[in-house]
Amino acid sequence: MSGPRPAYDLEAWRRRIPLLASCIPMNNCSQAPQTDATRAAAERYLDSWNRSGMDWDAWMAEVALAKAEFATLIGAALSDIAVFSSVSEATSAVASALDVGGARRRIVVSEAEFPAVAHVWLAQERRGARVSWAPVRDGQIDPAAYDALVDERTALVSACHGYYLNGFIQDTARIAARARAAGALSFVDAYQTLGAVPVNVRELGVDFLAAGTLKFLMGTPGIAFLYVRPEIVDSLHPTATGWFGRADPFAFDARTLDWSPTASRFDAGTPPVINAYVARAGMEMINAVGPANIRSWHLALSRRLIDGGRSRGLVLHGPDDVSRKTVSTAFVVPESHAVEAAMRARGVLPSARGEVIRLAPHFYSTIGDVERALDVLSEVTRPR
Ligand SMILES: Cc1ncc(COP(=O)(O)O)c(C=O)c1O
């Protein structure tokens, strides 16, 4: 085959994704396809449950392994990671650790946040917080917008890494540095970038980073992870808590509220055990292919999506510079959900959001998949 190729054996990875035999998944910004590894992981939990009836030690060990795999992915340590069922919950736990009733009441939030995250910050207004917004213009945010908003009254700055609507990538290192200079904390939702863009939390300098696994990390709904910068852990006491946030969850001492010395103080109830099995398997695959290799291939796919969309007369939403976006590429369409259904009927799985249809291939996708998806999109949106 001529033309660009990824740095890994694309065909070998494709053989591990049964769905590719029947359709073209372009919805990784929404839900990853199943792989042989994620299926086997779910079955391992079912087997253990059936065989042992209950094996808490093994299940807790799996949760720790999933945390460790997430830590590897973002350049952190296992002790920097807490586990939740969703990014909304992780954000609420962070919010519950903030003091927003005093001199630092402001929470600066990007208009590109997924509503789950923005709503948690808005809910803090009931506790005295004041939310101010970094505005989206033309599907992007000017990084300078944060400079004017962040000051000595700011408690925290919340900036998604990748915009769920069109893949626009924010310069979170710059935003985190601005927050730090003002004495504020920084929170990054990396749900749309992990698995698609290499991330190193130490290089970004962020205080918190949250993500789930069902998008580019090849997992399922029902689990999310939170990184907490180890230097600030001691100063934080989340009031959204539970027995897994304790120094020893199995001490069973109802009268003593101690805090785990690690990011585990953000853990709350019984962790999502079965989801942890699947999450680890998905992240292991991403770590094995390599986020940097994936990003290189995504840049080629992204270029083809933008150029191919333009040559077919499709209207792009957001940046056309591939270095400033994830592989997720949005086109403005009338009635996006009807377009999604029409494309599905033709064997291509896109993802509709508001006024756009998103095409989000992944490491296993071919240039041929992208061309076919664009052909089908232009066919179903062509005026009759
Ligand atoms: C950027 C981003 N954050 C968060 C979420 C969802 O968060 P939760 O795990 O709370 O459902 C999504 C889901 O689409 C998302 O794209």
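**Helix packing, helix lengths and loop residues**

Modeller: In this predicted model, helix α12 (residues 336–345) packs with helix α13 (residues 367–381), their axes lying 10 Å apart at an angle of about 125 degrees.

Colleague: How are α12 and α13 oriented to each other, and what is the hand of their crossing?

Modeller: The angle between α12 and α13 is about 125 degrees. An angle over 145 degrees would count as roughly antiparallel, and 65 to 115 as roughly perpendicular. The two helices are therefore oblique to each other, and their crossing is right-handed.

Colleague: Which residues make that contact, and how many of them are nonpolar, polar and charged?

Modeller: From α12 come Val 339, Ala 342 and Met 343, while α13 supplies Ala 373, Val 376, Leu 377, Val 380 and Thr 381. Divided by kind, the residues of this contact of α12 with α13 are seven nonpolar, one polar and no charged.

Colleague: Are α2 and α10 roughly parallel or roughly antiparallel?

Modeller: Helix α2 (residues 36–52) packs with α10 at an angle of about 150 degrees, and the axes are 8 Å apart. Angles over 145 degrees count as roughly antiparallel. That makes the orientation of α2 to α10 roughly antiparallel.

Colleague: How many charged residues does the contact of α2 with α10 have?

Modeller: On the α2 side the residues include Asp 36, Arg 44 and Tyr 45, and on the α10 side they include Tyr 277, Arg 280 and Met 285. The crossing of α2 and α10 is right-handed. The contact of α2 with α10 divides into 11 nonpolar and three polar residues, and the charged ones number three.

Colleague: Why is α10 described as largely enclosed by the rest of the structure?

Modeller: Helix α10 covers residues 273–289, and its 25 Å reach is close to the 24 Å expected. Just after α10, Gly 290 takes a positive phi of about 100 degrees. The helix is largely enclosed because, of its 17 residues, the number buried is 13.

Colleague: Is Asp 138 buried or exposed?

Modeller: Asp 138 lies in the loop between β4 and α6. Although not a glycine, Asp 138 has a positive phi of about 50 degrees. Its relative accessibility is 72%, and the cut-off is over 50%, so Asp 138 counts as exposed.

Colleague: Is Met 218 buried or exposed?

Modeller: Met 218 is placed in the loop between β7 (208–212) and β8 (224–228). Its phi is positive, near 70 degrees, in a residue other than glycine. With a relative accessibility of 1%, against a cut-off of under 20%, Met 218 counts as buried.

Colleague: How far apart in space are Gln 140 and Arg 324?

Modeller: Gln 140 is found in the loop between β4 (130–134) and α6 (144–149). Neighbours within four places in sequence left aside, Gln 140 is in contact with Pro 135, Phe 168, Gly 318, Pro 319 and Arg 324. Gln 140 and Arg 324 are 184 residues apart in sequence, and their C-alpha to C-alpha distance is 9.7 Å.

Terms used: Residues numbered from 1 in each chain as written. Predicted model: local features only at pLDDT ≥ 70, side-chain atom pairs only at ≥ 80, totals over all residues. Heavy atoms only, no water. Helix = DSSP H or I, 4+ residues; strand = E, 2+ residues; numbered from the N terminus. Expected span 1.5 Å × (residues − 1). Buried < 20%, exposed > 50% of the residue type's maximum accessible area, 1.4 Å probe, protein only. Axes fitted to C-alpha atoms, helices over the stretch in contact; angles between N-to-C directions. Parallel < 35°, antiparallel > 145°, perpendicular 65-115°, else oblique. Left-handed = near helix turned anticlockwise from the far one by under 90°. Contact = heavy atoms within 4.5 Å. Nonpolar A, V, L, I, M, F, W, Y, C, P; charged D, E, K, R; others polar.
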